[in-house]
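The structure comes first, and the description follows.

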Amino acid sequence: MKLLVIDTATEACSCALYLDGEIQDRYVIAPRQHTSLILPMADELLAEAGLKPTQLEGIAFGCGPGSFTGLRIACGVVQGIAFAADIPVAPISSLAALAQATYTKYGAVKVLAAIDARMHEVYWGRYKIDDKDIMRCESKEIVCAPNDISLPSEGQWYGVGTGWATYAENLKAKLGKMVQDYQGKTYPQASAMIPLALAAFQEGKIVSAEDALPVYLRNKVVQTRS
Amino acid sequence: MRVLGIETSCDETGVAVYDTKQGLLGHALYSQTDIHAQYGGVVPELASRDHIRKLIPLIKTLLNESHTKPDEIDGIAYTAGPGLVGALLVGAAVGRSLAWTWQVPAIGVHHLEGHLLAAMLEEPAPSFPFLALLVSGGHTQLVEVAEIGKYIILGESVDDAAGEAFDKTAKLLGLGYPGGPALARLAEQGNPDAFNFPRPMTQRPGLDFSFSGLKTHVLTTWRAQTQNKQTRADIARAFEDAVIDTLAIKCRRALKQSGLTRLIIAGGVGANQRLRSRLGELAKEMSVSVYYPRPIFCTDNGAMIAYAGAIRLETGQSEPLAFNAYPRWPINELNYSVS
Ligand SMILES: Nc1ncnc2c1ncn2[C@@H]1O[C@H](COP(=O)(O)OP(=O)(O)OP(=O)(O)O)[C@@H](O)[C@H]1O
Ligand SMILES: [Mg+2]
């Protein structure tokens, strides 16, 4: 399969190209530069592989949660490519991407992914590896105060994501001995999403261009006067 | 050259296909007004969220209805500014990536240049040079358009834009949001002799405008009166007369000073019928020709972006793969030549 993956959900900006088992990728931490970087990255990867955009067979992207504008940059770019190349899209959770990367890197099989959501909240999800080495969410992904996170019932868990950098103390206090270790300075990355994307394509969890939409989690965006 | 145009600068998703030989092949528009009405104004985050849901379906509809196949598109134009940054980024991201995938050039269009050139979509189209009165929700400007790509601002509002004044006054009178068109409808029932509002900044020389004082005038008048249906209509009429009169006085002055013999109207307030007929009379009296876009191309739309983009793409201009949005972008920073 010829698959392009892009992610601009957080401060990081990344792109990966999967060609029947071979992976090439680009990754930089570059806040507010995503619009300048993302298409040149994709263009470079395809050029090196001697591929035209219309030869892609699928595309995946970090659909959130994350920065609203960042999510829409990736989403807009992906909608454009998917519509123009007439290919399906696999939306991939930013929290799942963090969990999957933690499995790949540290072999962690139970992961608590937390992204700093500003406004004293975190985006939160609990992930466990399945028998196909794919991270699955074992509860709903939520946005909440660090003190209101949903707790696992037992076991040793690995924390990952910027939520762990900002709110380590709150989270550790809530989770106690269940925290095995944590890695705060980590962002979602396109190359780490490839296993998730391949699984999504295999399982038919794909959508067409217009249905590739951000998952914001935070949906109350208007201050209503009370 | 056949160009797909995309407009997402504010609360309207607009798309169109313009062909430099065959003219406008189709356009489609989706307005978010209902979403924002309950908040009394545009909520930027909600606008962005809606653009990303609606843009691709709208492009699909457009291509179907205009019988355009994707491989017939030679370029993409998207509004790059000014406007709401999050909303602009949706159009820019989709537009730039469509172009990359189809391997055609893309261009980021100036929203106000789109408005200024909207009259070029009509028959007969004006030739250059002309004087443009741009009266929209965010801008009130008199612009000398020497040729495509050369825009000189002769005068502009020092405070509220004309459309903004319409909307704020409508709100004061309890007409909801966006109130401009509603206010214009109400004014039809008003007695023109009931009140007389000032014509701001017409007594001194110059081509600038000021409309913020008028709404204060509306408010004090409204408070001092028995607040019934007829007074409301009378005030609406007096307000509209004052705005239209002021615009006409400045247009006359600008035409005289510049010696230009063509006047074009652009922007949402240009949809106002009484403004159109008033400027028509002025033009007749001064022996100049006047041009208007059809009302739906006065307000935000994809057709004007497709047109302005097509002109620039034909000169060989295009954007790199790094795209961006420019929420503040003065029109006189544009400077290019088509010849
Ligand atoms: N018939 C009418 N009479 C008066 N005002 C009107 C009429 N129709 C529309 N308007 C006004 O036109 C404005 C909308 O125009 P337009 O869409 O061109 O502005 P905008 O795109 O919001 O602003 P800008 O183009 O400056 O960024 C609103 O203020 C609206 O009230
Ligand atoms: Mg406009």
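## Terms and basis

Helices (H or I, at least four residues) and strands (E, at least two) are DSSP runs, numbered from the N terminus. Two strands count as paired if DSSP finds at least two bridges between them.

This is a predicted model, in which local features need pLDDT of at least 70 and side-chain atom pairs count only at pLDDT 80 or more, while totals for chains, interfaces and linings use all residues. Residues are numbered from 1 along each chain as its sequence is written, chains are lettered from A and ligands numbered from 1 in the order in which they are written, and side-chain values use heavy atoms, leaving out hydrogens and water.

## The sheet of chain B

An open sheet of 5 strands in chain B has the order 8-7-6-9-10, with mixed pairing. Strand 8 (150-156) and strand 10 (289-291) of chain B are its edges, each pairing on one side only.

Within the sheet, strand 6 (residues 130-135) and strand 7 (residues 140-147) of chain B run antiparallel and share 6 bridges. B:Leu134 has B:Gln141 of strand 7 as its bridge partner.

B:His115 belongs to helix 4 (residues 111-117) of chain B and B:Asp300 to the loop between strand 10 and helix 10 (302-314) of chain B, so the pair ties together parts 185 residues apart in sequence. B:His115 and B:Asp300 are both buried, meaning under 20% relative accessible area, with exposed over 50% and partly exposed in between (1.4 Å probe, protein chains only).
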